[in-house]
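Try each task before you read its solution.

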Amino acid sequence: MLAWKLKAEKQGYFTQDEWQTGLKALGVDSLSKLKKALSDLEKEVEKPSNYEDFYTYAFRYCLTEEKQKSVDIESICELLNLVLGVQFRPQIDSLIEYLKVQNDYKVINSDQWINFLRFCKEISFPDLENYDAIQAWPLILDNYVEWMREKHS
């Protein structure tokens, strides 16, 4: 969340400009103020107006190589747990289970990532009753729904 707020471009690294500009924007000039700002940041991220931006940023932040467009499944599972796990625990546990057992996908791209959030927000769970494969869902979600239905039939 701090990296998102500081608009950090590289994972695990803040430029001096990102650090100074970001802390100034947060009104932070001491360690105690930074601790307070971090707890306030959680509340800021939870606002619907900021959440999708944070969610999209989280994926881009994992793109560590030049021209990289996808993230490996193992990292995606950890990322899903971190950024969606609190809000959508049952869906995320199930999706992570599927991602770990399926063999069709080794990586996830940005479009798939964005649609994981949309899926969690729009589709009833665990019955998946309102899932319509005719809509523009990525194939990985069609496959996940099929897996879920087979698992529960």
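The expected span of a helix is 1.5 Å times one less than its number of residues. Keep that rule at hand, and remember that this is a predicted model.

**Exercise 1. Check the span of helix α4, residues 48-61, against its number of residues.**

Step 1: Helix α4 has 14 residues.
Step 2: At 1.5 Å a residue, α4 should span 20 Å.

**Exercise 2. Find the buried residues of α4 and what they pack against.**

Step 1: Buried means under 20% relative accessible area.
Step 2: Among the buried residues of α4 are Tyr51, Phe54, Tyr55, Phe59 and Tyr61; Asn50, Tyr57 and Ala58 are buried too.
Step 3: These buried residues pack against α1 (2-5), α3 (31-46), β1 (70-72), α5 (73-83), β2 and α7.

**Exercise 3. Do the same for helix α8, residues 139-151.**

Step 1: With 13 residues at 1.5 Å a residue, α8 should span 18 Å. Its end C-alpha atoms are 18 Å apart, in agreement with that value.
Step 2: The buried residues of α8 include Ile140, Leu141, Tyr144, Val145, Trp147 and Met148. Asp142 and Asn143 also belong to the buried residues of α8.
Step 3: The packing partners of the buried residues of α8 are α6 (89-101), β2 (107-109) and α7 (110-122).

**Exercise 4. Explain why the largest pocket lies between domain 1 and domain 2.**

Step 1: The domain assignment gives domain 1 as 1-46 and domain 2 as 70-152. Their centres, taken over C-alpha atoms, are 30 Å apart.
Step 2: The largest pocket holds about 450 Å³ of space. Of its 20 lining residues, Met1, Val45, Phe54, Leu82 and Val83 are the closest to its centre.
Step 3: Both domain 1 and domain 2 give residues to this lining, so the largest pocket lies between them.
Step 4: Now look at the helices: α1, α3, α4 and α5 each supply at least two residues of the lining. The largest share, 5 residues, comes from α4.

Note on methods
Residues numbered from 1 in each chain as written. Predicted model: local features only at pLDDT ≥ 70, side-chain atom pairs only at ≥ 80, totals over all residues. Heavy atoms only, no water. Domains from an automatic or database assignment. Helix = DSSP H or I, 4+ residues; strand = E, 2+ residues; numbered from the N terminus. Buried < 20%, exposed > 50% of the residue type's maximum accessible area, 1.4 Å probe, protein only. Contact = heavy atoms within 4.5 Å. 1 Å grid on protein atoms, 1.4 Å probe; cavity = no way out; pocket = protein on both sides within 12 Å on 5 of 7 lines; lining within 4 Å. Points joined across faces, edges and corners; volume = space filled by probe spheres on them.
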